[in-house]
Amino acid sequence: MSQISSSSKKGVFSATVLANRQIGQRFHRLRLEFSADGARAFAQFKPGQFTQVDLSSAALPPEQDTPADLLDASRRELLLRRPFSFADVTAEGDKTFAELLYCVVGPATLRMTTLSSGDRVSIIGPLGNGFRILGDKKTALLVVGGMGAPPLQHLAKTLTSEHAEIEVVAFAGAKAASELPFEGRLDEISQQLGFSLPEFTKYGINSIVATDDGSAGYRGLVTDRLQQWLDEKSGLTPDSVIIYSCGPEAMLAKVAEIARDKGIDCQVSMERRMACGIGLCQSCAVECRVDDSSQTTYKLCCEDGPVFDGREVVFV
Ligand SMILES: Cc1cc2nc3c(=O)[nH]c(=O)nc-3n(C[C@H](O)[C@H](O)[C@H](O)COP(=O)(O)OP(=O)(O)OC[C@H]3O[C@@H](n4cnc5c(N)ncnc54)[C@H](O)[C@@H]3O)c2cc1C
Ligand code: FES
């Protein structure tokens, strides 16, 4: 292990792959084990924080197993690490286990599919600032867009295990049911109670699902369903509610707008291309408002985020 900064607990650690499974057509779940210093560092990993994973030495899948649209990309040399969150982190004795949920979109994630049990991966972390849990809230709404699921699954676990007094409701949206990064069946319990997504029901949380094509749940945008749900719950005191969200930026912008209009606190997890992940390269700027003035400034997604207050971000 090498320490990046003597004042922080983040560092470069080696993790062992325990399993790497495909979920549905597009998603994969990588289970990792950290030991020694890595176990201690990642036991402190907070929902919404992230890691930088080195996949440069992972093999490429055989050409016949590579999606045609990724063949060219797959031949590119992989110089930079890639940022990933964890969907779950569990410390057990002197080991820490982490679940990384990923979708294949380019050379790094393609290489990730070839990792198998016993392989070692170099991971920098824990990085950035995760979601802040505010003690005065009674209801937390988790709004997931597509691959934004991992940090909110992790947050669901933390909220239900450490803040049982907070009622949690999950909203999950995607283009179609097959684009929802959840394992197992999408069972609708009832229109009122919504869906049973195993990743949330294991924490006692039912989910409200929205798909653009109507293949599961509400037909339309998850933000429309969120708006509708909030309108129906007119008895909720805005001060007692918080929205946590992760997903495509257009969705985050709408979630932040709904929250602002309703006077509800909102935290959004932003994505930027990240060359270093530790505040050195300035490649991950997020334009932010300066307090309530009309001025803006740039913050770093990797160091100041990736979780920001929804009111401060100037969405592109
Ligand atoms: C804080 C953070 C946490 C993340 N957590 C996860 C996770 O848990 N699971 C997961 O599957 N992915 C996650 N991502 C996205 C992940 O980093 C990218 O999918 C990955 O870097 C793609 O690498 P690649 O070489 O396979 O594809 P690339 O060729 O690098 O990218 C393929 C395409 O995806 C888009 N893209 C890639 N990275 C980003 C980004 N950071 N912001 C916006 N667009 C991007 C670009 O349009 C690009 O053309 C996270 C990103 C950030 C910033
Ligand atoms: S990724 Fe380098 S400064 Fe943020």
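**Contacts, cores and strands**

Modeller: Let's start with glutamate 99. Leaving aside neighbours within four places in sequence, glutamate 99 is in contact with Arg29, Leu30, Arg31, Phe86, Ala87 and Asp88. Keep in mind that this is a predicted model.

Colleague: Where does glutamate 99 sit?
Modeller: Glutamate 99 is in strand β7, residues 95-103.

Colleague: Is glutamate 99 buried or exposed?
Modeller: Buried. Its relative accessible area is 11%, and the cut-off for buried is under 20%.

Colleague: How far apart are the C-alpha atoms of glutamate 99 and phenylalanine 171?
Modeller: They are separated by 21 Å. Along the chain the two residues are 72 apart.

Colleague: Switching to arginine 111. Is arginine 111 buried or exposed?
Modeller: Buried, at 10% relative accessibility. Arginine 111 lies in helix α3, residues 107-112.

Colleague: What does arginine 111 touch?
Modeller: Not counting residues up to four places away in sequence, arginine 111 touches Leu55, Ser56, Ala58, Ala59, Leu60, Ser74, Arg76 and Leu78.

Colleague: Now the nonpolar cores. How many residues are in the largest one?
Modeller: There are 35. Leu141, Phe171, Leu226, Ile243 and Met270 touch the most other members. Helix α7 gives the largest share of this core, six residues. The core also draws at least three residues from each of domain 1 (2-127) and domain 2 (139-271).

Colleague: Take leucine 141. What does leucine 141 touch?
Modeller: Setting aside residues up to four places away in sequence, leucine 141 touches Val169, Phe171, Leu226, Trp229, Leu230, Val241, Ile242, Ile243 and Tyr244. There is also a second, separate core of 28 residues. It includes Val17, Phe34, Phe84 and Ile123.

Colleague: On to rings. How many aromatic pairs are there in the whole structure?
Modeller: A search finds nine. Take phenylalanine 13 and phenylalanine 42. Their ring centres are 5.7 Å apart and their planes are at 80°, so the pair is edge-to-face.

Colleague: Where are phenylalanine 13 and phenylalanine 42 in the chain?
Modeller: Phenylalanine 13 is in strand β2, residues 11-23. Phenylalanine 42 is in helix α1, residues 36-43. They are 29 residues apart, and the pair links distant parts of the chain.

Colleague: Are phenylalanine 13 and phenylalanine 42 buried or exposed?
Modeller: Phenylalanine 13 is buried, with a relative accessible area of 4%. Phenylalanine 42 counts as buried too, at 1% relative accessibility.

Colleague: What about phenylalanine 171 and tryptophan 229? Why is that pair edge-to-face?
Modeller: The planes of their rings are at 90°, so the pair is edge-to-face. The ring centres are 5.7 Å apart. Phenylalanine 171 is in strand β10 (residues 167-174), and tryptophan 229 is in helix α6 (residues 222-232). That links distant parts of the chain, 58 residues apart. Both phenylalanine 171 and tryptophan 229 are buried.

Colleague: Which residues do ring pairs link into a cluster?
Modeller: Phe13, Phe34, Phe42, Phe45 and Phe86.

Colleague: Strands next. Why is strand β8 said to be largely enclosed?
Modeller: Six of its eight residues are buried, so the rest of the structure largely encloses strand β8, residues 120-127.

Colleague: Which way do β2 and β8 pair, parallel or antiparallel?
Modeller: Antiparallel, over six bridges. Serine 14 has serine 122 in β8 as its bridge partner. Strand β4 (residues 50-54) also runs antiparallel to β8, joined by four bridges. There, valine 53 has isoleucine 123 as its bridge partner.

Colleague: And strand β16? How many of its residues are buried?
Modeller: Four of its five, so to speak of residues 265-269, and β16 is mostly covered.

Colleague: What does β16 pair with?
Modeller: Strand β15 (residues 241-246) pairs with β16 in the parallel sense over five bridges. Aspartate 265 in β16 is the bridge partner of isoleucine 242. Strand β19 (residues 307-309) runs antiparallel to β16, with three bridges joining them. Valine 268 stands opposite phenylalanine 308 in β19.

Colleague: What unit do β15, helix α7 and β16 make?
Modeller: A right-handed β-α-β unit, where helix α7 covers residues 249-262.

Key: Residues numbered from 1 in each chain as written. Chains lettered and ligands numbered in written order. Predicted model: local features only at pLDDT ≥ 70, side-chain atom pairs only at ≥ 80, totals over all residues. Heavy atoms only, no water. Buried < 20%, exposed > 50% of the residue type's maximum accessible area, 1.4 Å probe, protein only. Helix = DSSP H or I, 4+ residues; strand = E, 2+ residues; numbered from the N terminus. Pairing = 2+ DSSP bridges. Right-handed = clockwise from strand over helix to strand, strands pointing away. Core = buried A, V, L, I, M, F, W, Y, C linked by side-chain atoms within 4.5 Å. Domains from an automatic or database assignment. Contact = heavy atoms within 4.5 Å. Phe/Tyr/Trp six-rings, centres within 6.5 Å; stacked < 30°, edge-to-face > 60°.
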